[in-house]
Amino acid sequence: NAFLWDVYHRGEILRAGILPEALIYQNEAFVPEMMGVDPPGRVYSHIVGIDIVRTGEKAFQVLEDNCRTPSGVSYKLESREIMMRMFPDLFRNVSIEPVDDYADQLAKTLEEVAPPACKGAPNVVILTPGSLNSAYYEHSFLADQMGVELVEPQDLFVDDGLVWMRTTLGPQRVDVIYRRIDDDYLDPLTFRPDSLLGVPGIMQVYRAGGVTICSAPGAGVADDKAVYCYVPEMIRFYLDEEPILENVPTYQCSDPDQLKYVMENLGDLVVKEVHGSGGYGMLIGPKSTDEEIAAYAKRLEADPGEFIAQPTLDLSTAPSLSPSGVGQRHVDLRPYCLVGKNIRL
């Protein structure tokens, strides 16, 4: 959040030469309309999912950051409830931290960042693209758990500098929107004019302090996989501290020397799109065919700045039931960090 505040204001970390300006200002996740905007509490990314992997007996590394709308917490909560029913002895005999207060903590976090225009108890909603979205179950689950309205874009409208929700009792003002819609589709007057998912004029209300959008538009520039390489330097720059956890070694394909190494070792590396998420658009070298590697190499050569590469890691495994029986699957740990006026894990 310190980094996001900086790049959308004075850009001190860029002036200091720690990050290249082109990496930020030419980044497709950077939103120029957010320049100079002051979100409540200086919080841009309110729900952060950090993927951590165990690479040795006592070694943990950060694999990547998710600062926009990280998914998956609902499955964790439901899985815990099912396990407590099926294996009650496990929970009686072993000290396991509870997770069932997540929805309450999320609601408190969202209420804490109500906009300056909100004078009473904040009205919070979750904005979903609709039931066809792959994460719709999570949207509806969290709305139910928090006791807030789940709304689609057509349920909201802008009037008199505020955002309103259509209800059977008439318009109801909205103060905080936990949005699960990508930046490009959020407001057709500001971003894509062909978007059918957005709420026309919502960005103008947001910039004027009439509503809070969580997470803020433009927060995705902080979890760009090329920017990820500089997080240890961000920690030193903003906090004057050394990172507690290391990053996974990462090759910037925009660098000619590093690109040369990656091209020569594609069969041994994991290559990712810098703007990718959810495992899409990746090449896992050791599990790819020669044809797949050759096709991916052409993509790398055409636009190397759009990719990073990492070594394959000997990650922790967990037993998994599949049609072929019980086998091992690699796992990572995603802590969810909620950032309002207080930080909650």
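Biologist: Is E64 buried or exposed?
Modeller: E64 is buried, as its relative accessibility is 11% (buried is under 20% relative accessible area, exposed over 50%, partly exposed in between, with a 1.4 Å probe and protein chains only). This is a predicted model, where local features need pLDDT of at least 70, side-chain atom pairs need 80 or more, and totals for chains, interfaces and linings use all residues. Numbering runs from 1 along each chain as its sequence is written, and side-chain values use heavy atoms, without hydrogens or water.

Biologist: Which residue forms a salt bridge with E64 at 3.8 Å?
Modeller: That is K225, going by the closest N and O atoms (a side-chain nitrogen of Lys or Arg within 4 Å of a carboxyl oxygen of Asp or Glu). E64 sits in strand 2 and K225 in the loop between strand 9 (212-214) and helix 9, so the pair ties together parts 161 residues apart in sequence (DSSP runs numbered from the N terminus: helices are H or I, at least four residues; strands are E, at least two). K225 is buried, like E64.

Biologist: And what about K272?
Modeller: K272 also forms a salt bridge with E64, with the closest N and O atoms 3.5 Å apart. K272 is in strand 12 (residues 269-273), 208 residues from E64. K272 counts as buried because its relative accessibility is 6%. E64, K225 and K272 are linked in a network of salt bridges.

Biologist: How many salt bridges is that in total?
Modeller: The count comes to 15.

Biologist: Switching to helix 4, how far apart are R85 and E81?
Modeller: They are 4 residues apart, so about one helical turn separates them. Their salt bridge has its closest N and O atoms 2.7 Å apart.

Biologist: Is R85 buried or exposed?
Modeller: R85 is exposed, with a relative accessible area of 64%. E81 counts as partly exposed, at 37% relative accessibility.
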